[in-house]
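Here is my note on the model you sent. Please read it with the coordinates open.

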Amino acid sequence: MKGKYVIVAGAGKSGVAATGLLIRNGARVTLYDENTELDKEAVLSDFVGSGNVDIVVGELTDELLGKADLFVISPGIPVDAPFVEKVKKAGIPIWGEIELAYYFSKGKLAAITGTNGKTTTTTLVGEIFKAYSQDSLVVGNIGLPYTRFADSTTENTFIAAEISSFQLETIHEFRPHVSAILNLTPDHLNRHYTFDNYVDAKFRIAENQTEEDYVILNMDDPEIMKRVDKIKTNICYFSHKNEPEQGAFVRDGKIYVRKDGIEEYVLDVDRIKILGEHNLENVLAAVAISVFMDVPTDIIRDVVYSFKGVEHRIEFVREVRDVRYYNDSKGTNPDAAIKAIKAMKSTTLLIGGGYDKQSDYDEWVECFPGKVRYLVLIGETAEKIMKCCKNHGFNQVVLVDSLEDAVTFCYTHARPGDDVLLSPACASWDMFRSYEERGNLFKLYVDSLEE
């Protein structure tokens, strides 16, 4: 990259990290953002002392494009955005942030994708790597840009990377040693338009892998199993229903792994602390990924037994008046929210609704009878979801104006022994900056409730 002229699009966390990586390695960078209200000085403060970066906002001009050797886009930018189409027509190579990080990275990489469970699985794999090696990283869609650390890795660095479909759209040579596809259900159709497009993006995680590498697939997921012929590398499976020849599985309440014809006991299922069948799948995936990254099973066992899950994913908040409150703000699509409902042990007052990703809510609503006493809705999807509920004969629906009002309603209507669950089945961007902000506010409101 030394001496190259690179345009980085998107002045958020990802774009700033990519810019830093490039200028550290001798590139001349223009950080571009369509937002004319962007505070340029605040962004440039991240690069004090570097003369190799400037910022351009507004229109992407032909003059600027004429100088570029490479164009790097942040995951949040659609690949069919008008200015990206302009870059394509100009014949300039387009890389995503993950491709750029991979170009500089030297470590041993495990990359994890799927519709749900990515953060939990990646966090658990990261904890296992940390217990095994002092030189390990957890990066990607989980919140830490891969580009921030890529050029500090060594051949001995163990890297656990959560990879989204947005990030996979712009890879070229990205090649993990172990990849994993956890599950596939419709999501982000406002970006990918069709389920097939979304699935194709997910499967790109394995497209550059060779016979030296492994892909870990969920044997219990019908959409994955329909498409295994797309895979060119070694396939390993995880399953809680079957026993694959190669991979991780459950037998008589214990998890085992098979690798190269050798079967090994790993751990007891009843000692896993995280709730729900979906989390058993996440643990199985993490076990398979770690074993095929050559981590010893005794280390895997110890870490899994101590693992308590991740923030905002079926996170126990507090018990008030014999009612348990759970924060599942990361349940941003119906399939994730279904898993959270199934993990509840009692009758549930459910808080849902938010930004519309063009999801279908029928299956979510179909799991309410006998489980959900009230659905309390907020956000721009509230009317759409309420209509879906009426179509399915579920009428215990309440519309409120704010998350605080939703918590108050649940507090006044819950009975001793009930669960209250924030699991919106929608993104947060209509009312909040992120699912983290939504979850943190929920916890704040719950913590303020009187005993």
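The points below run from the whole chain down to one residue.

1. Basis. This is a predicted model: local features need pLDDT of at least 70, side-chain atom pairs count only at pLDDT 80 or more, and totals for chains, interfaces and linings use all residues. Residues are numbered from 1 along each chain as its sequence is written, and side-chain values use heavy atoms, with hydrogens and water left out.

2. Overall form. The protein chain holds 17 helices and 20 strands (DSSP runs numbered from the N terminus: H or I of at least four residues for helices, E of at least two for strands). Its radius of gyration is 23 Å, close to the 22 Å from the globule rule for 451 residues, so the chain is as compact as a globular protein of that length. That radius is taken over C-alpha atoms, and the rule is 2.2 Å times the number of residues to the power 0.38. Along the principal axes, the C-alpha atoms fill a box of roughly 65 × 55 × 40 Å.

3. Burial and surface. Of the 451 residues, 60% count as buried, meaning under 20% relative accessible area, with exposed over 50% and partly exposed in between (1.4 Å probe, protein chains only). The accessible surface comes to about 18,900 Å², and 46% of it belongs to carbon and sulfur atoms. Areas come from the Shrake-Rupley method with a 1.4 Å probe; for residues, only the protein chains shown count as cover.

4. Contact range. Take contacts (heavy atoms within 4.5 Å) between residues at least 6 apart in sequence. Of these, 67% join residues at least 24 apart.

5. Helix α11. This helix covers residues 277-292, 16 residues in total. It spans 23 Å from first C-alpha to last, close to the expected 22 Å (1.5 Å times one less than its number of residues). Why call α11 largely enclosed by the rest of the structure? Because 15 of its 16 residues are buried. Asp294, which follows α11, has a positive phi near 70 degrees.

6. Strands β13 (254-259) and β14 (262-268) pair antiparallel over six bridges; pairing requires at least two DSSP bridges. Val257 stands opposite Glu264 in β14. Two residues separate the strands of this hairpin, and Asp260 in the turn has a positive phi of about 50 degrees.

7. Thr113. This residue lies in strand β6 (108-113). Thr113 is buried, with a relative accessible area of 0%. Its side chain reaches the backbone oxygen of Ile163 at 2.7 Å. Beyond neighbours within four places in sequence, contacts of Thr113 include Lys118, Leu168, Ile181 and Lys202.

Terms used
Polar contact = N/O pair within 3.5 Å; in protein donor to acceptor, adjacent residues only side chain to side chain.
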